[in-house]
Amino acid sequence: MSQLRRYIPVIVVVLAVIVLQIVLLRTGSTYYMTQITMSAYYSLVVIGLCLLMGYAGQVSLGHAGFFAIGGYTSAVLTTLNLMPYRQTPLVTSFGSLGLLVQRQDLYGTEILSFSPWVAFIMALLITTIIAFLIGLPVIRLKGHYLAMATLGFGLIIYRIVLGGRIFGQADGISNIPPFYLFAGLEVNGRMPYRVMNYYIAWFVVLAVMVLAINLINSRVGRALRSIHENEEAAHSLGVNTYRYKLLIFVLSALFAALGGILLTHYNGSIGPSEVTVMKSVRYLVIVAVGGMANLWGALFMGIVLNFLSLRGVFGTYDDAVFGAILILIMLFAPQGLLRMPRFKALSSMLPRGANG
Amino acid sequence: MGNNTLLETTGLHRFFGGLHAVNDVSIKVSAGSIKGIIGPNGAGKTTLFNLIAGTLLPNGGQVIFKDRKITAMKAHTIASMGIARTFQTTKLFGRMTVLENVMMGRHSRTRSGFFAGMLNLPRTWREDRHTRDKAFEILNDMGLVSHAGDTASNLPFGKQRLIEFARALAMEPQLLLLDEPAAGLNIYETKELAKLILWIRDRGVTCLVVEHDMSLVMAICDDVVVLDQGQKIAEGPPRAIQRDPDVIRIYLGCDDAQNSQS
């Protein structure tokens with residue numbers, strides 16, 4: 001059954017994740033799990049961008065912006081202290097709807113703010129609206145022009161975050177509460193929750209991977225790939241190319257925002273460094289290294305490169321390394337690292353996302 | 001209009017800057033026929049096609065398909081109403097397989113959206129299986145099944161053109177616009193092509209063919225329109241067109257000065 005064959009890599013990754021956890025436990029290096037968890041959340045951005053760029057052929061240099069919209073919306077709503085306003089009708093009605101939670105911060109101050117679930121839904125909603133409004137005019141552009149327009153969007157978000165008092169300006173926002181999901185599970189970066197969060201992150205990533213793989217193998221996925229190949233021909237077959245490009249842009253932004261929300265709760269903080277243009281470039285580099293239209297390649301590279309970067313392997317040359325990788329990939333392996341002859345054996349183990 | 005008329009254009013005009021590429025062209029295509037459009041390079045044939053398919057907007061005039069005005073409609077809407085086309089330079093989806101290319105032809109006949117696709121609901125994969133079956137059926141009819149798994153861009157040129165036909169047929173169109181289907185084909189392939197177009201017509205698909213190859217046009221067309229410098233200069237059955245003095249003048253390239261000398 002070709003229907004089920006596409007899920008084989010999911011099972012392989014699940015096993016690899018479990019084995020890796022056991023190995024880390026045995027070797028007493030469980031602290032690596034923290035960076036793997038963070039890399040997994042960053043990979044959500046990469047998966048979204050891979051759909052948009054690799055499959056539908058539309059460039060975005062503003063995905064750090066969507067990551068930030070998700071993260072910052074969640075951060076603001078869960079840290080904004082409504083205590084002084086708790087008597088106002090608006091806040092009391094929020095309270096009676098069960099949208100608010102009360103907690104104590106590190107210094108024992110009582111804080112009344114929106115619950116993480118409310119913030120989560122609001123963050124996704126706001127991302128959808130912004131991605132839609134930006135995409136509506138911008139997605140008509142092609143190639144370099146689209147790249148520049150999305151770059152501009154990223155810069156605007158960066159400046160808003162850096163200048164807005166509500167976003168904590170250069171300091172960002174910290175003391176963000178953990179995100180209690182359900183049944184004792186919570187997105188929480190503290191030590192006792194390390195293993196739990198390692199698995200939560202992988203569950204989310206693999207769930208998103210399954211959605212993405214299903215999508216590219218579906219009618220919509222074929223249409224998206226056909227737009228990449230030849231827009232005029234796609235149009236002549238009845239594909240509403242503008243609508244499809246807009247929807248994949250929004251979906252891709254939502255995946256990025258999801259990563260932003262979860263990582264923000266995991267880290268307990270978010271700052272403007274998440275929104276820089278170099279972050280957007282980094283996501284683009286990872287998709288390119290992974291082989292553009294290759295979801296598993298993008299995920300693999302997303303985990304590896306983010307992990308190395310978070311471990312500080314690249315030192316102060318972090319951004320320079322990603323720039324250098326981009327140049328080298330474009331020169332020597334435009335099909336992605338895993339498609340190079342040297343890695344044929346490896347790439348044959350990684351099935352391509354689409355059966356084409 | 002007669003109820004046997006599938007497509008009609010009335011007084012179409014299109015300018016490109018100062019160039020009057022299509023000038024007051026009115027044609028009728030009756031259902032079940034093969035109509036040819038001939039004319040020298042730059043006569044406005046492909047522009048006329050693009051006006052019908054909705055790729056270009058006319059500066060004046062109407063396009064009527066199945067008694068409905070389709071003039072201002074988007075190309076993808078026109079496609080889903082039942083007008084398919086092939087291109088002068090074959091436009092396959094190069095990195096997709098032959099099967100996927102033909103499956104793309106079913107796009108306007110299927111429904112599944114983003115959410116259904118992501119969740120791969122039973123309804124969705126049943127629809128997809130049906131799409132696959134249909135695509136195989138067409139490939140089988142055209143003797144191309146052995147290429148189903150090939151990457152489209154790896155096939156030789158002649159095969160690619162056939163795949164483009166298969167993709168268009170997968171749409172189950174009522175009207176098929178063929179833009180110079182014989183371009184780049186050798187004499188044997190052109191003969192096969194003639195058979196193929198007649199076979200398509202016999203499946204109930206009306207064809208409108210832009211073509212340079214006069215032997216092909218004479219062999220298959222029920223009716224021929226001749227364009228020159230954007231204008232329709234003759235219309236009628238192939239035999240009559242061949243004898244038309246204006247047409248002979250254009251095709252033999254003798255101008256009025258030479259005529260008056262002789």
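**View 1. Where helix α4 of chain A meets helix α7 of chain A**. In this predicted model, A:Ala64, A:Gly65, A:Ala68, A:Ile69 and A:Tyr72 of α4(A) touch A:Phe153, A:Gly154, A:Ile157 and A:Val161 of α7(A). Contact here means that C-beta atoms, placed from the backbone, lie within 7 Å. By class, this meeting place has 7 nonpolar, 2 polar and no charged residues. Ala, Val, Leu, Ile, Met, Phe, Trp, Tyr, Cys and Pro count as nonpolar, Asp, Glu, Lys and Arg as charged, and the others, Gly among them, as polar.

**View 2. How α4(A) and α7(A) cross**. Helix α4 (residues 63-79) and helix α7 (residues 143-163) of chain A pack at about 35°, and their axes are 8 Å apart. Axes are lines fitted to C-alpha atoms, for helices over the stretch in contact, with angles from 0 to 180 degrees between N-to-C directions. Helices are DSSP runs (H or I, at least four residues), numbered from the N terminus. The crossing is left-handed, that is, the near helix is turned anticlockwise from the far one by less than a right angle.

**View 3. Two domains of chain B**. Domain 1 covers 1-82 + 173-262 and domain 2 covers 91-171, with bounds from an automatic or database domain assignment. Their C-alpha centres lie 28 Å apart. Domain 1 brings 10 residues to the contact and domain 2 brings 8.

**View 4. The side of domain 1 of chain B that touches domain 2 of chain B**. Helices α2 (75-81) and α7 (187-202) of chain B each supply at least two residues here, and α7(B) gives the most, with 3 residues. This side divides into 7 nonpolar, 2 polar and 1 charged.

**Notes.** Residues are numbered from 1 along each chain as its sequence is written, and chains are lettered from A and ligands numbered from 1 in the order in which they are written. Because the model is predicted, local features need pLDDT of at least 70 and side-chain atom pairs count only at pLDDT 80 or more, while totals for chains, interfaces and linings use all residues.

Definitions and conventions: Contact = placed C-beta atoms within 7 Å.
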